[in-house]
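Please look over the model shown here.

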Amino acid sequence: MQRALSVSRMTGNRSTFPEWYQAVVREADLAENSPVRGMMIIKPWGYGVWEEIQRDLDRRIKETGHVNAYFPLLIPLSFFAKEAEHVEGFAKEMAVVTHHRLRAVDGKLEVDPDAKLEEPLIVRPTSETIIADAFQRWIKSHRDLPLLINQWANVVRWEMRTRLFLRTSEFLWQEGHTAHVDEADARAETMRMLEVYRALSEDVLAMPVIAGEKPENERFPGAVATYSIEAMMQDGKALQAGTSHYLGQNFAHSQNIRFQSAAGELEYCHTTSWGVSTRLIGGVIMTHGDDDGLRLPPAIAPRQMVIVPILRDKPEDAEVLAYSESLASALQAQTALGERVRVLLDKRGARSADKRWEWVRRGAPIIVEIGPRDAAAGQVTYMRRDKLRDGEKIASTAVPRDTFLAAAPGILAEIQANLFAEAKAQLDSNIRGDIRTFDQLAEHFGAAVDEDEGSVFKGWVRAPWSKPTGAALDAIDERLKALKLTLRNIPLDQRPVSGPCLFTGEPAVEEVLIARAY
């Protein structure tokens, strides 16, 4: 069967999922590598997806009482030095600015040795330290709390092995930072934003997740507790799609963020941070894509419907184009999923078949083709990207224009729901809960393979866990690394647990998710 994409997820019995992913990014025109190693150019269609995600999330952030601000890209090294655990977690990924000027020597540019900075500056890997510095100036009284700030920005973490959207040296994100009077209020904020991320992922990206707390060894550097949402990709691997951290008073102590309490005492704030990034786009690709390319949930599609007029340089082209323009106007006046329908009339001078396959690869939820017969008969021929094929044939439907206009908003809602249902079925049916020993775990997952090679689908394991810490947890981590496995999170929706921990043999107190991951 001929497919729109150049690479399939499987070739015979061999997984070609990594190659397929790169093909989707390339052929759906989402992004490309830049001249700077490890950094990407997000192309208009890919950036349009990010804009839709950003717009929805920004609304949710503001509805929960937060306001947007912006902080510097460059952070003094001394700010990181105040928080030893935090800097240790990012030290190997930091990009450092040491000079402020270039000079021309014999017609060539070089760093001016006389322009060395008194203090090196770190290109923002995350903003806890510089925002905490601002907080210590802004917060004086308990009346100033809670302080709820969000920032949309780019960050740089120097990666050695990169993959577009999933792991790049520069990426786009939002990072929330808040300060509170006490632990209870800060922890409530941490969980509130975790729920915002869960709702965004499931209701907007149609990407089901499991929310839970990270084990001690997977916490954000400097955090007291880290929570995540984990999504299952089509190759069975986990993707950490968002995190929310309760930072305790650690950053408040290092940056002297104090307030005068109602009793007149000086106390340290409790702080949080939380964020999601353009990694979500990678998650959407690997959750919903198929062998014809990307399938976008309508909620985040830059264009939910694309109309392709079939133009043949003949007199009837004018009628086809006029009919298509009238249809586009009528659709744009409608609402779906709570917003105006986003419609594109593709009048480019390319072959209509080429344009159709381009929009299939890009994942436009509904693709409409209008030819002379459609215009003459007052009908609409369309295909749904979530149900593109009927066997080996393209599943197109022809209906009267008014029928299509009446049905279109409902079809978009149905596509959104169908994509979520497909992904939820995969998640729910591929978490094993019957593995009780490490030997069984190792046998189930098999030998580790390089991440750039396709691996056999294994899904996740949900196992009994005794909550080990310190050296015992470090030893478990090393055993898992040998199999390229990680502890993903401890699900919030815990079930009654009994019997021994899979790793320690001690009585289990909860369950933990184990998987290979991106």
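The sections below take a single residue, then a helix, then a helix pair. The model is predicted.

## Thr287

Thr287 sits in helix α8, which spans residues 279-288. Its relative accessibility is 9%, so Thr287 counts as buried; the cut-off for buried is under 20%.

Leaving aside residues up to four places away in sequence, Thr287 touches Ala206, Met207, Met232, Met233, Gln234 and Ala423.

## Helix α9

Helix α9 runs over residues 317-332 and has 16 residues. From first C-alpha to last, α9 reaches 22 Å, close to the 22 Å expected at 1.5 Å a residue.

The buried residues in α9 include Asp317, Val320, Tyr323, Ser324, Leu327, Ala328 and Leu331. They cover an arc of only 140° around the axis, which means that they lie on the same side of α9. In an α-helix there are 3.6 residues a turn, so residues three or four places apart point the same way.

Several elements cover the buried residues of α9. Among them are the strands β19 (305-309), β22 (343-345), β23 (366-370) and β24 (379-384). The helices α11 (372-377) and α12 (401-429) are also included.

## The α9 and α12 pair

The axes of α9 and α12 are 10 Å apart, and the two helices pack at an angle of about 30°. Angles under 35 degrees count as roughly parallel, and α9 and α12 are therefore roughly parallel to each other. Their crossing is right-handed.

Which residues meet where α9 packs on α12? From α9 come Tyr323, Ser326, Leu327, Ala330 and Leu331. From α12 come Arg401, Phe404, Leu405 and Ala408. Tyr323, Leu327 and Leu331 are also among the buried residues of α9.

Key:
Residues numbered from 1 in each chain as written. Predicted model: local features only at pLDDT ≥ 70, side-chain atom pairs only at ≥ 80, totals over all residues. Heavy atoms only, no water. Helix = DSSP H or I, 4+ residues; strand = E, 2+ residues; numbered from the N terminus. Buried < 20%, exposed > 50% of the residue type's maximum accessible area, 1.4 Å probe, protein only. Contact = heavy atoms within 4.5 Å. Expected span 1.5 Å × (residues − 1). Arc of directions from axis to C-beta. Axes fitted to C-alpha atoms, helices over the stretch in contact; angles between N-to-C directions. Parallel < 35°, antiparallel > 145°, perpendicular 65-115°, else oblique. Left-handed = near helix turned anticlockwise from the far one by under 90°.
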